[in-house]
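Please read the text alongside the structure shown here.

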Amino acid sequence: MIFKLEDVTVYFPYDNIYPEQYSYMLELKRALDAKGHCLLEMPTGTGKTIALLSLITSYVLSKPENPVKLIYCTRTVHEMEKTLAELKLLHNYQTRHLGPAAKILAIGLSSRKNLCVNSRVLAAENRDSVDAACRKRTASWVRALAAENPNIETCEFFENYEKAASAAVLPPGVYTLQDLRAFGKQQGWCPYFLARHMVQFANVVVYSYQYLLDPKVAGIISKEMQKESVVVFDEAHNIDNVCIEALSVSVRRQTLEGATRNLSRINQEIERFKATDAGRLRAEYNRLVEGLALRGNLPIADAWLSNPALPSDILKEAVPGNIRRAEHFLHVLRRLVQYLRGRLETENVEKEGPVSFVASITAHAGIDQKTLRFCYERLHSLMLTLEITDTDEFLHIQTICDFATLVGTYTRGFSIIIEPFDERMPHIPDPVLQLSCHDASLAVKPVFDRFQSVVITSGTLSPIDLYPRLLNFHPVVSRSFKMSLTRDCICPMVLTRGSDQLPVSTKFDMRSDPGVARNYGKLLVEMVSIVPDGIVCFFVSYSYMDEIIATWNDSGILKEIMQHKLVFIETQDVVETTLALDNYRKACDCGRGAVFFSVARGKVAEGIDFDRHYGRLVIMFGVPFQYTLSKILLARLEYLRDTFQIKEGDFLTFDALRQAAQCVGRVIRSKADYGMMIFADKRYSRHDKRSKLPGWILSHLRDAHLNLSTDMALHIAREVGNFY
Amino acid sequence: EDEDDNLGLEAWERSYADDRSWEALQEDESGFLRPIDNSAFYHAQYRRRLRTTARIQKGLIRYLYIVIDLSRAAAEMDFRPSRMAVVAKQVEAFVREFFDQNPLSQIGLVTVKDGVANCLTDLGGSPESHIKALMGKLGCSGDSSLQNALDLVQGLLSQIPSYGHREVLILYSALSTCDPGDIMETIQKCKESKIRCSVIGLSAEMFICKHLCQDTGGSYSVALDESHFKELIMEHAPPPPAIAEFAIANLIKMGFPQRAGEGSISICSCHKEVKVGVGYTCPRCKARVCELPTDCRICGLQLVSSPHLARSYHHLFPIAPFDEVTPLLNDPRNRSRSTCFGCQQSLLSSGNKPGLYVACPKCKKHFCLECDIYIHESLHNCPGCESL
């Protein structure tokens, strides 16, 4: 359908539009008009993606005088493909109605692992080794050598791509990763480099968060994307954690050992070069003296990605004199590693700010702040000079340099925490030094500053006023939309008491109470007998899940459950969990029925959908608070309180409730879907907790369902059995 | 808000409590009870009207297996007195209705208990024998297995002649199925042998049932309460549209036996008993059978009577649905026709306010809603058109 939205003609590929999609578009359009950032919450399954895509592309079509580029960030490759598929549909619709004028170029960009078409490179098992295998074949010096010696392997796709040079362009259209691979195969061009090249010309780019947020990879766009771009973060409820992770580094003993090995390897290389090609090292030295940009004249295959999160002055400054020579730099790194090893020996938990940490490094290892700051740049320059291609071997020393650069750069928003052992296992010494970032706004700030509009959207962003504070920006629009439904397709309820009328909770003091475990067990036993197909249960942590399942096993509850449905459990092992999930799906498909035990904040809770019959009921056992004794969390809470005036309790509740909402939201993936949600903890009935749930759940939560015991819940479940 | 009142009421009680059906009745001047609010009635009418009435080929000769789930779940008490009893009761009604509407068809009963499917009765045309067999076998235990039931039925149905329509109606109480193998293969086999599988669930929608019905072209529904269940099961009584592959016309050999003379004594081939005076004689082998329709035990000829054929005929040529008429009070022509052509009752409801009524699109005669239902569901021809 085609309709007017204020002054924009919107091309929407479906015949009908939901009211919430319309208002979503309206708010989005206003944000675009105002060239500002916005926060939009809309439940999953209401066609958020298509609404967003069709508005933005239509907006561009209506206002050809200011071409806006759309940068769409997704969390997973799967979501990326889904988005591109929808875009394709939309694009077909638009070209049908507008002709070739509507042609756009839209591409997805992912790592080499997902885009490579060279079968020998793909044989490598993980991302880092694929990257390394690719570099081994495409680095400029390798290709130079191969020109002389035909025995050295190169990648024919890359060679063809290089040969085609500027002729290598993608015709307009929408390309999913698969299309890119097919196109690359057909033309014999490397899809990865082609995509990277085309990113600057594309109207729509779809890729993962990391490309924008992680300073280590963000360079790829920091140069190429224009300011008039709309950046969309989809499923962005965890964006603050992604930002924080991007800037956090943890150093373990293995890292230091690995780094030492790397250093001696580099040393050997330097010696070798000294003997064979001393000119190269001198050339590098001279370049550094002149303070030239390193990669200005290097071909793109070799380019390392710069760091947009660093203050701009660092890019202009020249590398300090004491690390310009390769040997000197190596000595600096050795001393740093030595110092860190010394710090790891500690018996006590230590917590320090970056300033005092740097001061201590200066005192003990004689490395000043400025030197630290340049470690990252210097290392990469050195590795390029030394023509090292197997970069996956050098991850350890890279970690150390990341660490050094971050410590040297930031004085606020970080803390260094050294723990001699894991809190939960005090007998096993496992020293770890963590540089943890507390301020999510640091990583995301360049994005907000750089681009005209940033759209943060997800199914669960409640409470919506907290995100601007966490990320430190000012949205022009922040709205939460409800789902318009023809029928009640979700039935949330809060269960506060067991069948014996005793309260149930996973509060710390009630956790070990056998009565609570029994009541939870009874609840599940009753539910498995009346709910068809799949049930998903979320626990607050692995240890709690283990404990409770052991209790259930002893008391025979597990056996009772098994009479009705098969039981599958998520473990920390990815392969095992995938297997369990597969079998769970199979059991749901063939009508046997199954229960899946999973953990909030686990892999399953984040990325796996339990739509349709895979999740007819989801039970959230307890409130998934973070582990509050964790030093990192405490440090972050303190920082949030001091800097953003966010109370500890508020943040913890917010975080727990968004996890809970995320978990239960797994079962509803479209409007035609339906499911029941049980929040089994007495704390959910309290207003401060409940009000933080997203609006679309709250609007279905009837007052009568707020304070239930097991048998009442059972009755209601039978009642809504009608909607099954 | 109804929730609190209804706590503790079971499905059967609730259907009364919610309806307050007694309040919807009123005594009219002659002492008859009349409903005040006809909206539910009209709604049902409207729904019926929506059904397509195009002349499509229908499978008149049906071979239907009814699979009754007698697993643990059938003992649940949310239907009163239990799911199992309700199912048995409705199956009884259904079997009678089925033979009434499809005299040329045959039914067999299968029960599922302890994960095993048993054939209770073979395909046959006598309602009484099925009902008797079912009533004797009530009692439930164990898990239920959809696959075993389908396998059994598939084996039984694969032998019947190709002109017959193979159908399974599964009355499923359980929420899961414990199968020995891959049920998807079984579903595929059913699909290949053109068995139309329909399921009526008693508890909740299950994916596998939905999948089964979708794949084999059947219908899937879940009963909310007893009356709904009755409605759903009765929807299976009229013959379904023919499957395209079977739609080729072919001739079927049938015998029209004569009724045996009064007082003649012979041994019937079906019960092996000496009978006096009742029964029919097969025109080919002269064997005696007790009931029609059936297959002759001796020569295998299909035995029917002409009224059976005639009764099936109307499915092929249904009467067009009547149009709703919005009465105009001042229309003088209308005055003259203000009685129903069927029952001669006044079409004006109490207070001389004209009620809703309908007209046949062919003969333009007016009918009241009761006659409309009677004509379409029982009579199968329009008195107006017949009397032209």
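The model is predicted. In chain B, strand β3 (residues 62–69) is mostly covered, with eight of its eight residues buried. B:Arg62, B:Leu64, B:Ile66 and B:Ile68 point one way from β3(B), while B:Tyr63, B:Tyr65, B:Val67 and B:Asp69 point the other way. Both sets are buried, B:Arg62 and B:Asp69 included.

β3(B) pairs with two strands of chain B, as tabulated.

| Partner of β3(B) | Sense | Bridges | Facing residues |
|---|---|---|---|
| β6(B), residues 165–172 | parallel | seven | B:Leu64 and B:Glu167 |
| β4(B), residues 106–113 | parallel | seven | B:Val67 and B:Val110 |

How do the axes of helix α19 (residues 369–385) and helix α20 (residues 395–409) of chain A cross? The two axes come within 6 Å, and the crossing angle is roughly 145°. The crossing of α19(A) and α20(A) is left-handed. On the α19(A) side, the contact is made by A:Gln369, A:Leu372, A:Arg373, A:Cys375, A:Tyr376, A:Leu379, A:His380 and A:Met383. Residues contributed by α20(A) include A:Ile397, A:Cys401, A:Asp402, A:Ala404 and A:Val407. By class, nine residues in the contact of α19(A) with α20(A) are nonpolar, six are polar and two are charged.

Terms used:
Residues numbered from 1 in each chain as written. Chains lettered and ligands numbered in written order. Predicted model: local features only at pLDDT ≥ 70, side-chain atom pairs only at ≥ 80, totals over all residues. Heavy atoms only, no water. Buried < 20%, exposed > 50% of the residue type's maximum accessible area, 1.4 Å probe, protein only. Helix = DSSP H or I, 4+ residues; strand = E, 2+ residues; numbered from the N terminus. Pairing = 2+ DSSP bridges. Axes fitted to C-alpha atoms, helices over the stretch in contact; angles between N-to-C directions. Left-handed = near helix turned anticlockwise from the far one by under 90°. Contact = heavy atoms within 4.5 Å. Nonpolar A, V, L, I, M, F, W, Y, C, P; charged D, E, K, R; others polar.
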